[in-house]
Amino acid sequence: AVAVMQDTRRVPGAIATTLADLPTHAPTLPRDREIVLYCSCPNEVSPLRGARLLHEHGLQRARALTGGLDAWIEIEEHSPPGQAPMAPVVLDPETAA
């Protein structure tokens, strides 16, 4: 959980968790909309693993955000106020192994 705490940038409403804890969150996540996973790491390894894990728990609309946190910030900056996509789940890249 150290990496989650090191980067203080967050998407409003995002759930910060680790891959190990993601199954605990799975039953509480919405099944009727997209779930976007991201991390502050330079690639999508952790979010892809998280999306696969959520798929195994029946959440078929889970996906990784290409480009991670930096991409989200870019999307938000170019979206009309209040119209950015729903908040994603934040993954700790230290637990991706």
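I take a nonpolar core to be a set of buried Ala, Val, Leu, Ile, Met, Phe, Trp, Tyr and Cys residues joined through side-chain atoms within 4.5 Å, with buried meaning under 20% relative accessible area, exposed over 50% and partly exposed in between (1.4 Å probe, protein chains only).

Before looking further I noted that this is a predicted model, in which local features need pLDDT of at least 70 and side-chain atom pairs count only at pLDDT 80 or more, while totals for chains, interfaces and linings use all residues. Residues are numbered from 1 along each chain as its sequence is written, and side-chain values use heavy atoms, with hydrogens and water left out.

Confidence. I looked up pLDDT, the predictor's confidence in each residue from 0 to 100, and found that the protein chain averages 77, with 75% of the residues scoring at least 70. Over residues 1–5 the pLDDT stays under 50, and over residues 92–97 it is below 50 as well. Where pLDDT is low, the predicted coordinates should not be read in detail.

Cores. The largest nonpolar core has 11 residues, namely Leu19, Leu22, Ala26, Leu29, Ile35, Leu37, Ala51, Leu53, Leu54, Leu59 and Ala62. Two or more of these residues come from each of β2 (35–38) and α3, and α3 gives the most, with three; helices (H or I, at least four residues) and strands (E, at least two) are DSSP runs, numbered from the N terminus. I then found a second, separate core of six residues, Val11, Val36, Leu65 and Trp72 among them. For Leu29 I listed contacts (heavy atoms within 4.5 Å), and, leaving aside neighbours within four places in sequence, Leu29 touches Ile15, Ile35, Leu54 and Leu59.

Helix α3. After α3 comes Gly58, whose phi is positive, near 85 degrees.

Gly68. I placed Gly68 in helix α4 (residues 68–77), and it counts as buried because its relative accessibility is 4%. Beyond four places in sequence, Gly68 touches Tyr38, Cys39 and Glu44; from Glu44 it is 24 residues away in sequence and 6.7 Å away in space, C-alpha to C-alpha.
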